[in-house]
Amino acid sequence: MEQATPPFKYCPMCAATLVEKYVHDAHRLTCPECGYILFLAPKLVAVVAVVHQGNVLLGRRNIDPGLGEWSFVSGYIDRGEKVEEAAIREVKEETNLAVQLERLIGIFSGRGNPYVILAFQASVVNGDISAIAAQPDEVSELAFFALDKLPALAFPTDTAILQALQRQTGHS
């Protein structure tokens, strides 16, 4: 999930062309006209490992990055949205399942990676998976897998989340 150089070319304050300059111990896009400094914040992502009867729910991605590969249910946390609500919303949007969060698996980030991932373990409300349905704009297929028999995962962070989940649930 690496991100290339940001596509910003113009100052949002005065519309002058931004230039790269070393400011505050890093290279940043700055405005030579008004002095504006563009500080890029990381994008927050909620990832949810839905566990049901000892198996974990994965979705086959129907979008890039990772098109055709398996991954946990995930999505961006909107500005002003409560993190836990974003996690529950993403599961509902992608799988049509109602879940309750059980615990925070961990927070994952990396140098040079523009994403900060908050991973949660969740269970299906009342254990009812009859409503499960893949949302085809993002996920082409959904399946539950045993924690020790998972397909190859789309992202390195998925593997780190899986390892943390296995440690927490005693399935190493």
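This is a predicted model: local features need pLDDT of at least 70, side-chain atom pairs count only at pLDDT 80 or more; totals for chains, interfaces and linings use all residues.
The side chain of Glu81 meets that of Arg89 in a salt bridge, with a distance of 2.7 Å from N to O. Arg89 is itself partly exposed, its relative accessible area being 22%.

Arg89 also takes part in a salt bridge with Glu93, for which the N to O distance is 3.1 Å. These two residues lie 4 positions apart in helix α1, so that about one helical turn separates Arg89 from Glu93. Glu93, with a relative accessibility of 38%, counts as partly exposed. Through salt bridges with shared partners, Asp78, Glu81, Arg89, Glu90 and Glu93 are joined into one network.

A further salt bridge of Arg89 is formed with Asp78, where the closest N and O atoms are 3.8 Å apart. This pair links distant parts of the chain, since Arg89 belongs to helix α1, which spans residues 83-95, whereas Asp78 is located in the loop between β7 (73-76) and α1, and the two residues are 11 apart. Asp78 is likewise assigned to the partly exposed class, at a relative accessibility of 42%. In general, side chains that carry opposite charge can pair when their charged atoms come close. Across the structure, 5 salt bridges are present, including those that Arg89 forms with Asp78, with Glu81 and with Glu93.

Methods. Residues are numbered from 1 along each chain as its sequence is written. Side-chain values use heavy atoms; hydrogens and water are left out. A salt bridge is a side-chain nitrogen of Lys or Arg within 4 Å of a carboxyl oxygen of Asp or Glu. Buried means under 20% relative accessible area, exposed over 50%, partly exposed in between (1.4 Å probe, protein chains only).
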